[in-house]
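This report describes selected features of one protein model. The sequence and structure come first, and the description follows.

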Amino acid sequence: MGLVTTKEMFKNAYEGGYAIGAFNVNNMEIIQGITEAAMEEKAPLILQVSAGARKYAKHIYLMKLIEAALADAGAQGVDLPIAVHLDHGDDFEICKSCIDGGFTSVMIDGSKHSFEDNIALTKQVVEYAHSKGVTVEGELGKLAGIEDDVNVSEADAQFTNPAEVEEFVTKTGVDSLAIAIGTSHGAFKFKPGQKPQLRFDILENIQKRLPGFPIVLHGASSVIPEFVDMVNQYGGKMPDAIGIPEEMLRQAAKMAVCKINIDSDLRLAMTATVRKHFADNPGHFDPRQYLTPARAAIKDMVKRKLVNVLGCSGKI
């Protein structure tokens with residue numbers, strides 16, 4: 001099938017009561033683990049690239065790796081739809097660069113600006129993207145947390161105001177909307193003793209105001225305790241952290257949420273597995289020796305998300 005936009009993906013997801021996983025990619029092993037999981041589960045896929053990932057791996061390398069993954073899927077007889085998405089583009093130029101470089105979807109995050117300036121910036125990106133057949137995700141509200149180039153304190157975090165969504169979508173022409181209802185970026189979302197909650201009342205209100213319109217959740221990793229424990233068991237120093245319960249995310253995916261971003265859980269699974277490998281095999285120095293189980297850990301984590309959280313297994 002090759003690269004696709006998110007338009008048809010989201011239409012099918014909304015009608016089917018499931019969400020598409022948007023998994024952040026940084027290198028070959030991560031891309032392989034994600035796409036192999038999607039092939040086995042017959043699930044549509046969004047591979048998203050942050051500004052930090054583009055700096056680390058370079059745009060052209062990531063695109064060629066994704067091209068190779070599609071070729072691999074085709075060779076195995078799997079017609080795998082993949083959208084390549086820019087995660088948290090913060091200005092017009094990076095969005096334009098990604099559009100011109102073959103991305104099929106971009107996010108313009110104008111949430112740090114005033115409502116009016118957010119509309120103006122988002123509209124500028126939408127006009128250019130749509131002229132090239134590329135879909136656009138905008139954002140209203142501010143998620144707390146730290147991840148790559150995103151850094152918002154709890155004091156500056158803001159829930160999305162449902163009263164603003166209709167005007168924002170109408171004036172900008174965006175294809176999907178990221179909202180803030182209690183998720184947060186990074187691995188340290190909630191402290192021990194805190195009870196994670198998502199504002200489903202806000203989501204329901206937005207769904208009523210924008211019927212049929214795809215909603216996006218950022219900062220939606222679950223920070224699975226077994227991997228935090230594994231990191232610490234093998235020399236790490238991660239404080240206890242609590243993520244978003246998977247059952248809450250599954251509930252959101254049955255509503256208007258058509259895209260759920262997952263990054264921290266992949267990082268945790270990969271890092272914990274590498275740490276364990278070196279502890280068990282102190283004499284190893286060949287990257288293939290420790291990256292092979294790390295890739296397998298990515299694959300297992302993605303399969304878990306596709307089945308238990310997103311509900312998109314078997315949807316291609």
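## Basis

This is a predicted model, in which local features need pLDDT of at least 70 and side-chain atom pairs count only at pLDDT 80 or more, while totals for chains, interfaces and linings use all residues. Residues are numbered from 1 along each chain as its sequence is written, and side-chain values use heavy atoms, with hydrogens and water left out.

Helices (H or I, at least four residues) and strands (E, at least two) are DSSP runs, numbered from the N terminus.

## The barrel

The strands β1-β2-β3-β4-β5-β8-β9-β10 form a closed barrel of 8 strands with parallel pairing; two strands count as paired if DSSP finds at least two bridges between them. On average, neighbouring strands of this sheet are turned by 25° against each other, direction ignored.

Strand β1 (residues 20-24) pairs with β2 in the parallel sense over 3 bridges, and Asn-24 stands opposite Gln-48 in β2. On pairing with strand β3 (residues 82-89), β2 runs in the parallel sense over 6 bridges; here the bridge partner of Gln-48 is His-85 in β3. Strand β9 (residues 215-217) and strand β10 (residues 257-262) run parallel and are joined by 3 bridges. Val-216 has Lys-259 of β10 as its bridge partner.

β1, helix α2 (residues 28-41) and β2 make a right-handed β-α-β unit. Right-handed means that, with the strands pointing away from the viewer, the path from the first strand over the helix to the second runs clockwise.

In strand β2 (residues 45-50), 6 of its 6 residues are buried. Buried means under 20% relative accessible area, exposed over 50%, and partly exposed in between (1.4 Å probe, protein chains only). In a regular strand the side chains alternate between the two faces of the sheet. Leu-45, Leu-47 and Val-49 point one way from β2, Ile-46, Gln-48 and Ser-50 point the other way, and all are buried.

## Helix contacts

Two packed helices are described by the angle between their axes and the distance between the axes. Axes are lines fitted to C-alpha atoms, for helices over the stretch in contact, and angles run from 0 to 180 degrees between N-to-C directions. Helix α11 (residues 264-280) and helix α12 (residues 287-310) have axes that come within 8 Å and cross at roughly 145°. This crossing of α11 and α12 is right-handed; a crossing is left-handed if the near helix is turned anticlockwise from the far one by less than a right angle, and right-handed if clockwise. Residues making the contact (heavy atoms within 4.5 Å) include Leu-266, Met-270 and Phe-278 of α11 and Tyr-290, Ile-298 and Met-301 of α12. By class, the contact has 13 nonpolar, 3 polar and 2 charged residues, where Ala, Val, Leu, Ile, Met, Phe, Trp, Tyr, Cys and Pro count as nonpolar, Asp, Glu, Lys and Arg as charged, and the others, Gly among them, as polar.

Helix α7 (residues 162-172) and helix α8 (residues 200-209) pack at an angle of about 35°, and their axes are 9 Å apart. The crossing of α7 and α8 is also right-handed. Pro-162, Ala-163, Val-165 and Glu-166 of α7 meet Ile-202, Asn-205, Ile-206 and Arg-209 of α8. These residues divide into 5 nonpolar, 1 polar and 2 charged.

## Two buried residues

Phe-23 lies in strand β1 and counts as buried at 0% relative accessibility. Leaving aside neighbours within four places in sequence, the contacts of Phe-23 include Ile-34, Leu-47, Ile-262, Leu-266, Val-302 and Leu-310. The C-alpha atoms of Phe-23 and Asp-265 are separated by 9.8 Å, although the two are 242 residues apart along the chain.

Asn-118, in helix α6 (residues 115-131), is buried with a relative accessible area of 2%. Not counting residues up to four places away in sequence, Asn-118 touches Gly-110, Ser-111, His-113, Glu-139, Leu-140 and Phe-168.

## Positive phi

Most residues other than glycine have a negative phi. Lys-42, in the loop between α2 and β2, has a positive phi near 55° and is partly exposed at 37% relative accessibility. Lys-58 has a positive phi near 75°. Lys-58 sits in the loop between α3 (51-57) and α4 (59-75) and is exposed, with a relative accessible area of 52%.
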